[in-house]
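Subject: Structure handover

Hello,

Here is the structure I said I would pass on.

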Amino acid sequence: MAEFELSTRCVLHFDLDAFFLAVHARRDPTLDLDNVPVVLWQYQDVICANRAAKALGVKKHMRPDPARALVAPADGKLVHAFCRDWPGPRVRYGPYNAASREFFDALAQALRDATGGAATKLEKGSIDEAFVELAAPPRDAKAFCLRVKRAVEAATSLKVTVGCGANRLLAKLASVAAKGSPDAVRVVDGADAVDALLKASPADKLPGLKTAPPGAESIFDLQGRGDVDEALRAKSFGRDSTELKTDAPKSVQVSSWTGHTRMARLYAGGGATIFRRRLGAGAPWTFAPHGEGVGESHERRPGWVLLALAVDLEERLREDAARHGRRRPTRLTLTIRGPGGHHLPIPGFEYCKGGSTAKSCAFPKPARAPAAADAAAFVEKVRGGVSSEAVDVPADVYPRVHAILDAAAACLESWARSHGNPEVARLTLSATHFEAAPAARPVTDFFKPSPRKRAAAAAAAASR
C-alpha cells in the first residue's frame with residue numbers, strides 16, 4: 001500500500017538511549033552503562049534504567065529500594081539525579097537540558113549536512129527524542145539514518161537509536177524495535193514491513209492504549225477488536241496522519257511538590273531574609289535556608305520551595321531563549337494541586353487529588369538592580385548550591401529572580417487571603433503568552449546627527 005511506502009512520506013524518530021544516565025556517564029567515566037546494571041532515581045522514584053537493569057526487572061516509577069534489590073546481586077548501582085543544594089535540596093535539570101540542547105543542535109547540523117540543506121521538519125518530542133520529516137525520501141534510507149546517527153553520536157557522545165517509517169507512529173515503533181540491535185536502526189518501508197513490525201511490537205507499546213485487552217499480545221492483534229476504540233484501532237493498522245509540531249512551546253514551566261503545606265507557608269517561611277518586597281509594603285519575603293540536621297527535606301521544603309522555583313524558572317527561560325531566539329513571556333501563571341491521602345509523592349500513593357486551580361498575573365519586569373555586593377553574593381550562593389558541576393549563572397540574574405519571586409509570592413498571598421489559606425500539594429510556575437522581543441536598535445540611533453546633516457535634512461524638507 002502506497003500509504004506505508006517511504007516514497008509517500010518519510011519520518012524518522014531519533015531516541016537517546018538511557019539519556020539521563022548517559023548525561024551522568026559523561027561526567028563519571030566509572031559508570032559502565034554497557035555492562036553493569038545502573039538505575040537513576042529521584043524523590044523515591046526510578047526515572048531511568050539502562051538495558052542491563054531493565055533485563056533484571058527494573059521498571060520506571062518503581063521505588064528505589066526494590067530496584068536496588070534487583071540489581072545488587074549483579075553488582076549494579078543506583079545513582080541519584082543531579083541536585084541543587086541551595087535553595088534546596090532539589091533535583092536540578094540544568095545538566096540534562098544542556099545535553100538535550102547539544103543533541104538537537106547536533107541533529108540539526110547533521111541533517112543539513114546529509115540533505116545538502118534541504119528543508120526538513122524537526123519536532124522536539126521530549127527532552128531526549130526528536131521526530132524528523134524529510135522533504136524527499138533518501139535513496140538509501142538505512143544508510144541515511146546511519147550517517148545522521150553517527151554524526152550526532154560523534155558530536156555528543158550520546159548513543160542514538162533511529163526508526164524510519166511512513167508516519168510518526170511507525171517511526172516511533174521502529175525505533176523501539178531497534179533498541180539493542182547491532183546498528184540501532186530500523187527502517188520500515190511498505191505494507192509487508194509494517195505488518196512485521198506490528199506483529200513484533202507488544203500491544204502496550206501502542207500510544208494511547210492504557211491496558212491491552214485480553215488475548216492481545218501484539219499491536220497487530222488489536223486489529224478488528226471491538227473492545228478498542230476506533231482511533232486506536234486505526235493505529236493498530238499502522239495508520240497515523242499526525243503532522244509534526246515545529247512551533248516553539250507555548251509555555252515554560254517548573255513544578256515542585258510542597259508536602260501538603262498551607263499556602264501562606266510558601267511565601268512566608270522562617271529564616272534568613274533573601275529578598276525584600278519591591279513595593280516596600282509590609283514585611284519582607286523570607287525563606288528558610290537549607291541546613292544540616294534540621295529535620296527531613298520535606299519538613300524544610302515549604303521554607304525554600306518558592307525561591308527554588310523562581311531560580312529554576314529563570315534558568316529555564318534562559319535555556320528557552322537560547323533554543324528559540326528572542327522572545328519573552330507576558331504572563332506568569334501559578335497552578336496548584338490539592339492534597340491526596342499521602343503527604344509525600346511516592347509512586348503508588350495518592351499524593352494529589354482532584355483538579356488544579358490557576359491564577360495569572362503580568363510577567364514581571366526585572367526588579368531594580370541591588371547593590372553590587374548583594375548581587376554577587378546571590379550568584380555565588382546559586383553557583384555554590386550545585387555540587388554536581390560548575391554552573392553558569394549570569395551576574396545579572398538577581399533582578400530577574402527577584403521579580404519572579406516577588407510576583408509569585410504576591411499572588412500566593414492574595415490567593416491565600418481570598419481562599420482561606422488552602423493546603424497545596426503541588427505548585428507550578430509557568431511563563432506563558434510569549435511575544436517577540438523588540439529588535440535591537442541600530443547603534444546610530446543613539447547618536448545625534450551632526451550640524452551639517454541637520455542642515456541638509458532641513459534643506460531637503462524645505463524643498464518638498
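What follows is a short account of the fold, the nonpolar cores and the salt bridges.

Please keep in mind that this is a predicted model.

Overall make-up. The chain has 464 residues, of which 44% count as buried. Its secondary structure comes to 14 helices and 16 strands. Taking contacts between residues at least 6 apart in sequence, 68% join residues at least 24 apart.

In soluble globular proteins, nonpolar side chains tend to be buried together. Here the largest nonpolar core holds 44 residues, and the members that touch the most others are Leu 12, Phe 14, Phe 19, Tyr 96, Leu 107 and Val 148. Elements giving two or more residues to this core include the strands β1, β2 (38-42) and β3 (45-49) and the helices α1, α4 (94-115) and α5 (141-156). Helix α4 gives the most, with nine residues. As for Tyr 96, its contacts beyond four places in sequence are Phe 19, Phe 20, Val 23, His 24, Leu 40, Ala 81, Phe 82 and Ile 127. There is also a second, separate core of 43 residues, with Leu 266, Ala 310, Tyr 398 and Ile 404 among them.

Salt bridges. Side chains of opposite charge can pair when their charged atoms come close. A search of the whole structure finds 26 salt bridges. Three of them are described here.

- Lys 179 and Asp 17 meet at 2.7 Å, N to O. Lys 179 is partly exposed, with a relative accessible area of 30%. Asp 17, at 17% relative accessibility, counts as buried, because the limit for buried is under 20%.
- Asp 312 and Arg 90 meet at 2.6 Å, N to O. Asp 312 sits in helix α11 (residues 305-324) and Arg 90 in strand β6 (residues 90-91), and the two are 222 residues apart. Both Asp 312 and Arg 90 are buried.
- Arg 327 and Asp 320 meet at 2.7 Å, N to O. Both Arg 327 and Asp 320 are buried.

One network of salt bridges with shared partners joins Arg 84, Arg 90, Arg 92, Asp 312 and Glu 315.

Regards

Conventions
Residues are numbered from 1 along each chain as its sequence is written. This is a predicted model: local features need pLDDT of at least 70, side-chain atom pairs count only at pLDDT 80 or more; totals for chains, interfaces and linings use all residues. Side-chain values use heavy atoms; hydrogens and water are left out. A salt bridge is a side-chain nitrogen of Lys or Arg within 4 Å of a carboxyl oxygen of Asp or Glu. Buried means under 20% relative accessible area, exposed over 50%, partly exposed in between (1.4 Å probe, protein chains only). Helices (H or I, at least four residues) and strands (E, at least two) are DSSP runs, numbered from the N terminus. Contact means heavy atoms within 4.5 Å. A nonpolar core is a set of buried Ala, Val, Leu, Ile, Met, Phe, Trp, Tyr and Cys residues joined through side-chain atoms within 4.5 Å.
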